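I opened this notebook to record what I looked up in one structure. The entries follow the order in which I worked.

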Amino acid sequence: MSDIENVDEVPVDHPKSAPDDRASAGPFDESEANPVRPYVDLGGLKVLPREGLHVRLEVEEGTKRVVAIGLDYANSTLQVQPFAAPRNSGLWHEIREQIADQIARQGGTTTVREGAFGPEVLAQIPVAAAEGQTGHQRLARFIGVDGPRWFLRGVIAGEAAVDPTAAAKVEDLFRSIVVVRGSTPMPPRDLIPLRMPSTSAGAPTA
């Protein structure tokens, strides 16, 4: 039996990080989602359409692989990515540390605080300035939820990074997402495959 097939037997190094009501209030596993809701099917993720929501596919140039889903909503952006994870242990504790290290190398700063989904990383990220202009920093919130055999990461920017009203709307959007893990064995941290919607209904817009 391969290491991939044994992934669920990995010892619990870190407990899962998720809201206590995740199974009933989201983000959902495919087995927990309402089957009659009109989701936009993006492969590893399903998104519930709502007024004012625009869905973007973020594509890797060389491979043309969809590597993230961008959701524009409430004057904010929410980038989401689903990853394979062990059955019994969580990834968010370790990934939070890696995010902080990466942003520090870029000259930014991070603060870990308790948010709507548990610990989240509030980051100030330097933005390259045009010649002759003073550089500035962009504020972003990194959120994460460990589900059953998957981990869902979100990056919030725009008004929802600073304004409580916009934040509540984007957090509700994150809650509504469904992760489709599938039964194929995958190493932890592998991106669960994403794709274009299979129907024109609710198709992404630029």
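**Entry 1: the four-stranded sheet**

I began with an open sheet of four strands, whose pairing is mixed and whose order is β1-β11-β3-β2. I then asked which strands stand at the edges. They are β1 (28-29) and β2 (40-41); each has a single partner strand, so one side of each is left without a neighbour in the sheet. I note that the model is a predicted one.

Next I looked up how β3 joins β11. Strand β11 covers residues 178-179, and two bridges link it to β3 in an antiparallel arrangement. For L45 I looked up the residue opposite and found V179 in β11.

**Entry 2: the chain as a whole**

I recorded three helices and eleven strands for the chain. Read from the N terminus, the elements follow the pattern α-β-β-β-β-β-β-α-β-β-β-β-α-β. The chain has 206 residues, and 43% of them count as buried. I also looked up contacts between residues at least 6 apart in sequence: 60% of these join residues at least 24 apart.

**Entry 3: the nonpolar cores**

I turned to the largest nonpolar core and found that it has 30 residues. The residues with the most contacts inside this core are L45, I69, L71, L78, V80, L152 and F174. Which elements give two or more residues to this core? I listed the strands β3 (45-47), β4 (54-59), β5 (66-73), β6 (76-84), β9 (136-147) and β10 (150-158), together with the helix α3 (164-176).

**Entry 4: E120**

My last entry concerns E120, which lies in strand β8 (residues 118-127). Is E120 buried or exposed? The relative accessibility of E120 is 1%, and E120 therefore counts as buried, the cut-off for buried being under 20%. I then looked up what E120 touches, not counting residues up to four places away in sequence. The list is W92, T111, V112, R113, G115, R141, F142 and I143.

Note on methods. Residues are numbered from 1 along each chain as its sequence is written. This is a predicted model: local features need pLDDT of at least 70, side-chain atom pairs count only at pLDDT 80 or more; totals for chains, interfaces and linings use all residues. Side-chain values use heavy atoms; hydrogens and water are left out. Buried means under 20% relative accessible area, exposed over 50%, partly exposed in between (1.4 Å probe, protein chains only). Contact means heavy atoms within 4.5 Å. A nonpolar core is a set of buried Ala, Val, Leu, Ile, Met, Phe, Trp, Tyr and Cys residues joined through side-chain atoms within 4.5 Å. Two strands pair if DSSP finds at least two bridges between them.
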